[in-house]
Amino acid sequence: MARFIIVGGVAGGATAAARLRRLDEKAEIIMFERGGYVSFANCGLPYYIGKIIPDRRRLFVQTPQGFRNRFNVDVRVNSEVVSINRTDTTVNVKNLATGETYREKYDRLILSPGAEPLRPPIPGINSDGIFTLRNISDTDSIYAFLNDKKPKSAVIVGGGFIGLEMAENISNLGIPVAIIEMADQVMANLDYEMAAEVHQHIRAKGVELLLKDGVKSFEIKNDMITTRLSSGRDITSGIVILSIGVRPDTSLAKEAGLRIGPRGGIAVNEYLQTSDPDIYAVGDAIEFANPITNQSVITYLAGPANRQGRLAADNIVSGNTKRYNGSIATAVMQVFDLTVASTGVPEKSLKADNIPHSASITHSASHATYYPGASQMSVKIIFSPDRGTLLGAQIIGHDGVDKRIDVLSAIIGMKGTIYNLLEFEQSYAPPFSSAKDPVTIAASVAENILNGLVNVIGWNEIQKLDPAKIVLLDVRTQKEYRAGAIEGSVNIPIDELRKNLGAIPKDKIIVTYCAVGQRAYIANRILKQNGFDTVYNLSGGYKTYSIVHQFADDTDEGLYL
Ligand code: FAD
């Protein structure tokens with residue numbers, strides 16, 4: 001009878017344990033969990049703190065006893081695996097309730113220890129009222145603190161997924177929130193201009209957002225925490241949530257001499273086997289090649305952790321038959337009323353790695369505009385300039401963002417192109433979409449770029465052009481132009497363009513723009529076919545430009561093409 005031991009009893013670990021049992025009814029399976037709970041909903045923790053999930057019990061997908069009953073797995077909570085003895089294939093386990101340490105033998109071991117929140121040595125960081133959020137015990141502490149101390153304001157340090165979810169949930173409790181982020185944007189998975197939309201929304205919700213600022217120290221006085229910033233500013237609040245990132249929990253693996261990858265995660269092969277063939281590893285603690293860039297990355301997402309848990313179990317039972325192909329980091333999150341999603345690689349990473357790419361930004365309606373309730377969504381797609389292979393996508397909107405990102409994820413996952421995306425047949429009825437769906441529109445624009453029908457220029461690139469050598473041509477209506485336009489631009493509304501071609505110099509670079517790009521594209525085609533050689537369309541139009549520059553622009557427009 002085989003003996004399988006699993007370290008970590010949440011996403012990857014619990015999935016692996018259940019799958020092992022489904023494949024091998026006879027095996028002895030022991031799952032060790034350092035905390036007091038297994039198989040809980042990490043992703044639901046911020047929403048319990050924000051009282052969106054009112055019942056704490058709903059956070060537990062399975063209890064240790066439930067797991068034992070259903071899967072006949074020997075679940076041992078409050079039990080930390082403190083070392084691995086690879087030569088005699090045993091683990092040393094510390095019972096955290098009694099302090100007793102003992103050994104257990106394994107035939108195969110699966111590590112799923114997750115990731116731990118960063119707590120840099122900032123003065124005052126270990127004071128009362130400063131929390132990180134990883135597990136149920138952190139959740140209980142934050143929940144109790146909010147209820148007992150009733151803080152009047154909160155500081156969130158870090159604008160990543162957990163930081164923004166906590167900002168939303170604490171803000172929804174009626175507590176004013178300030179977010180401090182060291183980078184110039186929140187959500188590292190987004191490109192700057194897409195993140196700028198999130199910045200605008202967070203601020204509109206009354207959250208103070210401080211970018212490009214870091215914490216120097218924390219000081220406590222009369223139950224209030226003063227967060228001192230590098231900029232010299234001090235912010236005083238009743239609670240601080242630190243969410244400045246996580247790192248793979250690799251202490252056990254390192255001490256056992258398992259190979260660690262360049263990113264600091266446990267190195268595994270395509271079967272999720274570590275450098276020791278008897279030990280597999282899954283989840284937030286591992287690193288693996290990104291299928292797009294081929295570079296080693298750590299993916300801190302629940303979907304991949306669950307998939308890896310299942311694959312590791314399959315490979316253990318059936319002898320390495322299933323390959324793991326890596327994660328393209330498809331993610332979605334709610335930021336107040338916005339849905340923010342991404343998949344694949346952001347443009348900034350491709351730029352940094354000198355990987356050739358093109359990008360386009362489109363703003364489309366979530367469903368037919370004649371059917372009530374349509375809202376705009378911003379879609380950025382990034383693709384290779386030769387074959388049009390889709391490399392990444394980011395979408396921000398209110399409705400239907402999750403469906404669109406999953407379509408793009410499916411195409412990217414299959415190494416598909418924007419032509420595959422154009423052929424992708426989507427369901428349509430007016431309440432759900434348009435006959436030209438936002439992703440089809442994005443693909444159509446990409447096709448126009450690839451076949452040279454239109455050249456696009458980014459909001460950040462026009463700033464680099466010599467103003468003496470360009471004409472910024474705004475083709476919106478005069479009314480729209482008067483409400484706000486790019487400095488130095490001239491206005492010739494699209495419907496008057498053909499009559500006014502003589503007024504446009506042919507020896508200059510023409511950059512056309514409108515609200516979102518559709519009219520500018522038509523202008524582009526008119527100009528190109530009338531002897532204007534160097535014409536660009538501003539990608540994402542005035543909407544993207546103005547958001548980046550933090551102008552208000554609520555102009556809506558119809559669809560592309
Ligand atoms: P975990 O699920 O963290 O499990 C690791 C477990 O191992 C821990 O319980 C730990 O106590 C235990 N352990 C570690 N070392 C030992 C040891 N030596 N002995 C015994 N036990 C040990 N992902 C998404 O995709 N979408 C989301 O919306 C989302 N929201 C999140 C919100 C929060 C607040 C958090 C914290 C995470 C969120 N995630 C989300 C990330 C997701 O939860 C993780 O990617 C996933 O849980 C990773 O699975 P894992 O098995 O690697 O680690």
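Predicted model: local features only at pLDDT ≥ 70, side-chain atom pairs only at ≥ 80, totals over all residues.
A polar contact is a pair of N or O atoms within 3.5 Å.

**Surroundings of the ligand**

The ligand is surrounded by 28 residues, and the closest are Gly 12, Glu 33, Ser 112, Asp 284 and Ala 302. At least two residues of the shell come from each of helix H1 (11–23), strand E4 (79–85) and helix H8 (302–318).

| Residue | Protein atom | Ligand atom | Distance |
|---|---|---|---|
| Asn 42 | polar side-chain atom | oxygen | 3.4 Å |
| Arg 34 | backbone N or O atom | nitrogen | 3.0 Å |
| Val 81 | polar backbone atom | nitrogen | 3.0 Å |

On its own, the ligand has 1,000 Å² of accessible area, of which the protein covers 89%.

Is strand E26 buried or exposed? In this strand (residues 390–397), 8 of the 8 residues are buried, so E26 is largely enclosed by the rest of the structure. For a residue, buried means under 20% relative accessible area.

Strand E23 (residues 338–344) pairs with E26 in the antiparallel sense over 6 bridges; within this pairing, Ser 342 has Gln 394 of E26 as its bridge partner. Strand E25 (residues 376–383) also runs antiparallel to E26 and is joined to it by 6 bridges. Here, Ile 382 is the bridge partner of Gly 392 in E26. E25 and E26 form a hairpin with 6 residues between the strands, in which Gly 388 takes a positive phi near 80°.

How values were computed: Residues numbered from 1 in each chain as written. Heavy atoms only, no water. Near = heavy atom within 4 Å. Polar contact = N/O pair within 3.5 Å; in protein donor to acceptor, adjacent residues only side chain to side chain. Areas by Shrake-Rupley, 256 points an atom, 1.4 Å probe, with all protein chains shown as cover. Helix = DSSP H or I, 4+ residues; strand = E, 2+ residues; numbered from the N terminus. Buried < 20%, exposed > 50% of the residue type's maximum accessible area, 1.4 Å probe, protein only. Pairing = 2+ DSSP bridges.
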